Structure formats: structure tokens, C-alpha cells
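I opened my notebook to look through this model one step at a time. Here is what I looked up, in the order I went.

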Amino acid sequence: MRNHPILAKLATLTAASAVVALYATFLLRFFWTPRQPVPLALALLCATVTYGAFGIALASLLRREVEGMFVIVMASGIDVSLQNPTYMPGAGSGLIKYLPSYGAVQAGAGAGFSTAPVWSCLGLQLLWFAAAGAVGLVSFRRRTRSAHPAGPVPAGSG
């Protein structure tokens, strides 16, 4: 049954993302005191699970791991750097809103520097996660075969 590997991938992705988000939030506390540490950790969690879901999709679609790692590193680097207002003058432009980590970056910045609620930004990020997860799970399901026959086994073939 292919549902077990899919559920295992999702559980592993969620657990690893939670560890990374908590670790990053913990380390940030040594250098800076965010105004809302819990929403900041949630923003980091949403970003990591989103790119993890992209990784699942790429693993099913690309032939080698090196290709997938290159695409993820380049895509995430470009995605986040285009949103950085310190060296990107168009960081607030209309097209930036359609990047995969826009919600997480906005939620993280809002959680770090203000007391305003950031839940709508996290909701936007969860939409990206759902879309990336759906592509990843559908491509994984299409690329793998079931070990069980599709129909009943004939009586004389056992």
C-alpha cells in the first residue's frame, strides 16, 4: 500500500521541520529578542514544511538528488533574497506576493518586529504548503507502483 510511505514522508517532513524551526528560534534568542517568538517559530515551521514539500515533489520528478538539491537551494535563495528590502528595491512590488515563502517571510518579520497578528500571512504560507504537498504526493503516487494487484487474484495462480 502506497499510503504508508506517503504518510511516513509527511511525518518525517513535519518532525524535521519542527526541529529546525525550534532550533532556529532558540538560536535567534541569543542575538535578538523577537516580539512574538511563538508566531516567529510558526513562520519558520511553515517555510520549512513548504520547501520540504517542494523537495518531495522534486524527488519524484527529477532523476538524481543533486538536481533536486540544486533546484531547492537556488529557488529558496532567490525567493528569500527578492523579498529582502535592504538590497532589493522592489521587495514590496506586487509580484513578490506570489513567491513561495512570501507568507512566512511576512509573518516572520511581523512576529519579530511588531505585536500585530500575523495569522493571515501564515494562512497564505499554508496554502503554498498545501499546493506543494499536493504536487509532491500526486507525483510520488504516480511514480511508484503498488505491490498489491489491482483486482482479485485468480484462483489457480497462487
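**Confidence.** I started here, since this is a predicted model. The protein chain has a mean pLDDT of 85, with 86% of its residues at 70 or more. A reminder to myself: where pLDDT is low, the predicted coordinates should not be read in detail.

**Overall make-up.** I counted five helices and zero strands in the protein chain. Reading from the N terminus, I noted the order α-α-α-α-α. Of the 158 residues in the protein chain, 30% are buried. I also looked up contacts with a separation of 6 or more: 64% of them in the protein chain join residues 24 or more positions apart.

**α1 against α2.** How do the axes of these two helices cross? Helix α1 (residues 3–31) and helix α2 (residues 37–61) have axes that come within 8 Å and cross at roughly 140 degrees. Angles over 145 count as roughly antiparallel, and α1 and α2 are therefore oblique to each other. I put down the crossing of α1 past α2 as right-handed. Next I listed who meets whom: residues of α1 including Leu13, Ala21 and Leu28 meet residues of α2, among them Leu40, Leu44 and Ile56. Lys9 and Arg29 are also among the α1 residues in this contact. Sorted by class, the contact of α1 with α2 holds 14 nonpolar, five polar and two charged residues.

**α4 against α5.** I repeated the exercise for α4 (102–113) and helix α5 (residues 119–143). Their axes come within 7 Å and cross at roughly 155 degrees. α4 and α5 are therefore roughly antiparallel to each other. The crossing of α4 past α5 is left-handed. On the α4 side I found Tyr102, Gly103, Ala104, Gln106 and Ala107, which meet Cys121, Leu122, Leu124 and Gln125 in α5. By class, the contact of α4 with α5 has six nonpolar, three polar and no charged residues.

**Ser101.** Is Ser101 buried or exposed? Its relative accessible area is 2%, so Ser101 is buried, the cut-off being under 20%. Which residues does Ser101 touch, leaving aside those up to four places away in sequence? I wrote down Tyr51, Asp79, Val80, Gln83 and Gln125. Gln125 was already in my notes, as one of the α5 residues that α4 meets.

Note on methods:
Residues are numbered from 1 along each chain as its sequence is written. This is a predicted model: local features need pLDDT of at least 70, side-chain atom pairs count only at pLDDT 80 or more; totals for chains, interfaces and linings use all residues. Side-chain values use heavy atoms; hydrogens and water are left out. Axes are lines fitted to C-alpha atoms, for helices over the stretch in contact, and angles run from 0 to 180 degrees between N-to-C directions. Helices (H or I, at least four residues) and strands (E, at least two) are DSSP runs, numbered from the N terminus. Angles under 35 degrees count as roughly parallel, over 145 as roughly antiparallel, 65 to 115 as roughly perpendicular and the rest as oblique. A crossing is left-handed if the near helix is turned anticlockwise from the far one by less than a right angle, and right-handed if clockwise. Contact means heavy atoms within 4.5 Å. Ala, Val, Leu, Ile, Met, Phe, Trp, Tyr, Cys and Pro count as nonpolar, Asp, Glu, Lys and Arg as charged, and the others, Gly among them, as polar. pLDDT is the predictor's confidence in each residue, from 0 to 100. Buried means under 20% relative accessible area, exposed over 50%, partly exposed in between (1.4 Å probe, protein chains only).
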